[in-house]
Amino acid sequence: MVAAYPRKRTAFLLVDPFNDFLSEGGKVYPRLKPIADEVGLLDNLRRLDGAVRAADIQVAIVPHRRWEPGDYEDWDHPNPTQQRIMHQHQFARGEWGGEWHPDFAPKPGDIVAQEHWGQSGFANTDLDMRLKQKGITHVIVAGLLANTCIDTTARYAMELGYHVTLVPDATAAFSHELMHAAHELSAPTFAHAILTTAEVIAALQEAQG
């Protein structure tokens, strides 16, 4: 059964739409480009973004911490992703790689959550508070990466009581194995709906009709 999305209670969570992830020349883009091209990531994100805005669905940008000098060096136990960011300076503040992909920059009325340091867009940020102040109960989660920030943000949303939809062809990872782990093994244990981009758009259009 396809989920229903009440217009005033649904938000589209777009996770980490940075140039380093989504643009040619980005520091991380070459590693995920094969999967991104295979699933049609950029086109699907554009279609989803357009559809949710046409349906007057709340958009929330959920950004990772933009790296700055001094981040993580004196931490007791930075995780493996944070160690890579520390050494490779991914999503650096003030640099092109840490800027929004031009197709997914925030627009007036969007929520731009506080930057998350780990893999959950909710942990240690204002995202939950801001969604709840808008009366949001349903979230559609897309962006990057499938097996890290998408999986963790979506799982955390479920724990907070949200109805969670994942969109496997609107995310990507570094390998088929990681995509399989995220969407075939992990997601069915917590997501209320796992839909393609086309199925989400159809459900939104049905709700409008």
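Author: In this predicted model, helices are DSSP runs of H or I with at least four residues, and strands are runs of E with at least two, numbered from the N terminus. Leu 145 accordingly takes its place in the loop between β4 and α6 (146-159).

Reader: Which residues of α8 are buried, and how are they arranged when seen down the axis?

Author: Thr 197, Val 200, Ile 201, Ala 203 and Leu 204 are the buried residues of α8. Their directions from the axis fall within an arc of 160 degrees, so they line one face of the helix. Gln 205 and Glu 206, on the other side of α8, are exposed. The cover over the buried residues includes α3 (41-54), β4 (138-144) and β5 (163-172).

Reader: Why is strand β1 (residues 10-15) described as largely enclosed?

Author: Of its 6 residues, 6 are buried, so the rest of the structure largely encloses β1. Thr 10, Phe 12 and Leu 14 point one way from the strand, whereas Ala 11, Leu 13 and Val 15 point the other way, and all are buried.

Reader: How many bridges join β1 to β4, and over how many do β1 and β2 pair?

Author: The parallel strands β1 and β4 are joined by 6 bridges, and β1 pairs with β2, also in the parallel sense, over 5 bridges. Two bridges are enough for strands to count as paired. Phe 12 stands opposite Ile 140 in β4, and its bridge partner in β2 is Val 59.

Reader: What makes β3 and β6 (193-194) edge strands?

Author: The open sheet has 6 strands in the order β3-β2-β1-β4-β5-β6, with parallel pairing. Each of β3 and β6 pairs on one side only. The parallel pairing of β2 and β3 extends over 2 bridges, and Ile 61 has Val 112 in β3 as its bridge partner.

Reader: How many aromatic pairs does a search of the whole structure find, and what kind of pair do Phe 21 and Phe 91 form?

Author: The search finds 8 aromatic pairs. Phe 21 and Phe 91 have ring centres 5.0 Å apart and planes at 50 degrees to each other, and the pair is tilted. Phe 21 lies in helix α1 (residues 19-22) and Phe 91 in the loop between α4 (80-88) and β3 (111-112), so the pair links parts of the chain that are 70 residues apart.

Reader: Why do Phe 21 and Phe 91 count as buried?

Author: The cut-off for buried is under 20% relative accessible area. Phe 21 has 5% relative accessibility and therefore counts as buried; Phe 91, at 2%, counts as buried as well.

Reader: Why is the pair of Trp 75 and Trp 117 called tilted?

Author: The ring centres are 5.3 Å apart and the planes stand at 35 degrees, so the pair is tilted. Trp 75 lies in the loop between β2 (58-62) and α4, and Trp 117 in the loop between β3 and α5 (127-133), so the pair ties together parts 42 residues apart in sequence. Relative accessibility is 35% for Trp 75, which counts as partly exposed, and 30% for Trp 117, which also counts as partly exposed.

Reader: Where do the charged end of Arg 66 and Arg 31 lie?

Author: The charged end of Arg 66 sits over the ring of Trp 100, 4.5 Å from its centre. Arg 31 lies over the face of Phe 174, 3.8 Å from the ring centre. A charge over a ring must be within 6 Å of the ring centre. Trp 100 also belongs to a cluster that ring pairs form with Phe 18, Phe 21 and Phe 91.

Reader: Why does His 183 count as buried?

Author: Its relative accessibility is 9%, so His 183 counts as buried. His 183 is found in helix α7 (residues 176-186). Beyond its neighbours within four places in sequence, His 183 is in contact with Ala 146, Pro 168, Thr 171, Pro 188 and Ile 194.

How values were computed. Residues numbered from 1 in each chain as written. Predicted model: local features only at pLDDT ≥ 70, side-chain atom pairs only at ≥ 80, totals over all residues. Heavy atoms only, no water. Buried < 20%, exposed > 50% of the residue type's maximum accessible area, 1.4 Å probe, protein only. Arc of directions from axis to C-beta. Contact = heavy atoms within 4.5 Å. Phe/Tyr/Trp six-rings, centres within 6.5 Å; stacked < 30°, edge-to-face > 60°. Lys NZ or Arg CZ within 6 Å of the ring centre and 35° of its normal.
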